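Trainee: I have a model open and would like to go through it with you. Could we begin with a single residue and work outward?

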Amino acid sequence: MFYGSVVWDPWLIVAQIVCLQCLYYLILGIFMGVLVGTRVSRMSLVYFFDYASITAATVTGWCVIASFILSSIVGAGFLVYLIERAKKCLDFSATLYILHLFICIVYGGWPSSLAWWVVNVTGFAIMALLGEYLCIKRELREIPIARYRPNV
């Protein structure tokens, strides 16, 4: 990782956004399959994109909430390896959740549930802050320098 002069590469940025979005939904699908799939007879996209499925009134709703929160934690780990810079974590996290909002609007209309907004804003905050923390830890690691002692 060499961070010299900043080069604006739109294809790299688009590729990072697509990769991050796909990995996020893949992990969300795994968590949904484990937590929600054991409780319902048939999984569908409703649990991913319909705001009514995020509710604190049922155990299944709590499993959906847990899936979203756990996915944001794992998403922070993806930021470390895909984005690699702490100052870009907020931008990519916001992009992911804005795209998720647009997909939810197309799928089921404007999210009018307070629980949906609380879960997604919390997931966004967790992903952005934990991603920044992990990236800063990685950036501040000591650079190993091998010291060779010549044989005299």
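Trainee: Is Arg-85 buried, partly exposed or exposed?

Mentor: This is a predicted model, and in it Arg-85 has a relative accessible area of 23%.

Trainee: Which residue forms a salt bridge with Arg-85?

Mentor: The partner is Glu-139, and the closest N and O atoms of the pair are 3.5 Å apart. Arg-85 sits in the loop between α3 and α4 while Glu-139 belongs to helix α5, so the pair ties together parts that are 54 residues apart in sequence.

Trainee: And how accessible is Glu-139?

Mentor: Glu-139 has 34% relative accessibility, and therefore counts as partly exposed.

Trainee: How many salt bridges are there by this rule?

Mentor: The count comes to one salt bridge.

Trainee: Which residue takes a positive phi just after α4?

Mentor: That is Gly-109, with a positive phi of about 90°.

Trainee: Let us turn to the helices. How many helices and strands does the protein have?

Mentor: The protein has five helices and zero strands. Read from the N terminus, the order of elements is α-α-α-α-α.

Trainee: What span does α4 have, and what should it be?

Mentor: The 23 residues of α4 should span 33 Å at 1.5 Å a residue, and the end C-alpha atoms are 34 Å apart, which agrees.

Trainee: What about α3?

Mentor: Helix α3 covers residues 59-82, which is 24 residues. The distance from its first C-alpha to its last is 34 Å, close to the expected 34 Å.

Trainee: And α5?

Mentor: Helix α5 has 26 residues and reaches 37 Å between its first and last C-alpha atoms, close to the 38 Å expected.

Trainee: Now the packing. Which residues of α4 are buried?

Mentor: The buried residues of α4 are Ala-86, Cys-89, Phe-92, Ser-93, Leu-96, Tyr-97, His-100, Leu-101 and Cys-104. They pack against α1, α2, α3 and α5.

Trainee: Which ones are buried in α5, and what covers them?

Mentor: In α5 the buried residues are Trp-116, Val-119, Asn-120, Gly-123, Met-127, Ala-128, Gly-131 and Cys-135. Their cover includes α1, α3 and α4.

Trainee: Where does Leu-129 lie, and is it buried or exposed?

Mentor: Leu-129 is found in helix α5. With a relative accessible area of 57%, Leu-129 is exposed. The C-alpha atoms of Leu-129 and Ser-93 are separated by 9.4 Å, although the two residues are 36 residues apart along the chain.

Trainee: What separates Gly-108 from Ser-67?

Mentor: Their C-alpha atoms are 19 Å apart, and the two residues are 41 residues apart along the chain. Gly-108 is found in helix α4, and its 34% relative accessibility makes Gly-108 partly exposed.

Trainee: Finally, the overall form. What is the radius of gyration against that of a compact globule?

Mentor: The protein has a radius of gyration of 19 Å, whereas a compact globule of 152 residues would be near 15 Å. The C-alpha trace spans about 75 × 35 × 25 Å along its principal axes.

Trainee: And what share of the contacts joins residues at least 24 apart?

Mentor: Among contacts between residues at least 6 apart in sequence, the share that joins residues at least 24 apart is 75%.

Note on methods
Residues are numbered from 1 along each chain as its sequence is written. This is a predicted model: local features need pLDDT of at least 70, side-chain atom pairs count only at pLDDT 80 or more; totals for chains, interfaces and linings use all residues. Side-chain values use heavy atoms; hydrogens and water are left out. Helices (H or I, at least four residues) and strands (E, at least two) are DSSP runs, numbered from the N terminus. The expected span of a helix is 1.5 Å times one less than its number of residues. The radius of gyration is taken over C-alpha atoms; the globule rule is 2.2 Å times the number of residues to the power 0.38. Contact means heavy atoms within 4.5 Å. Buried means under 20% relative accessible area, exposed over 50%, partly exposed in between (1.4 Å probe, protein chains only). A salt bridge is a side-chain nitrogen of Lys or Arg within 4 Å of a carboxyl oxygen of Asp or Glu.
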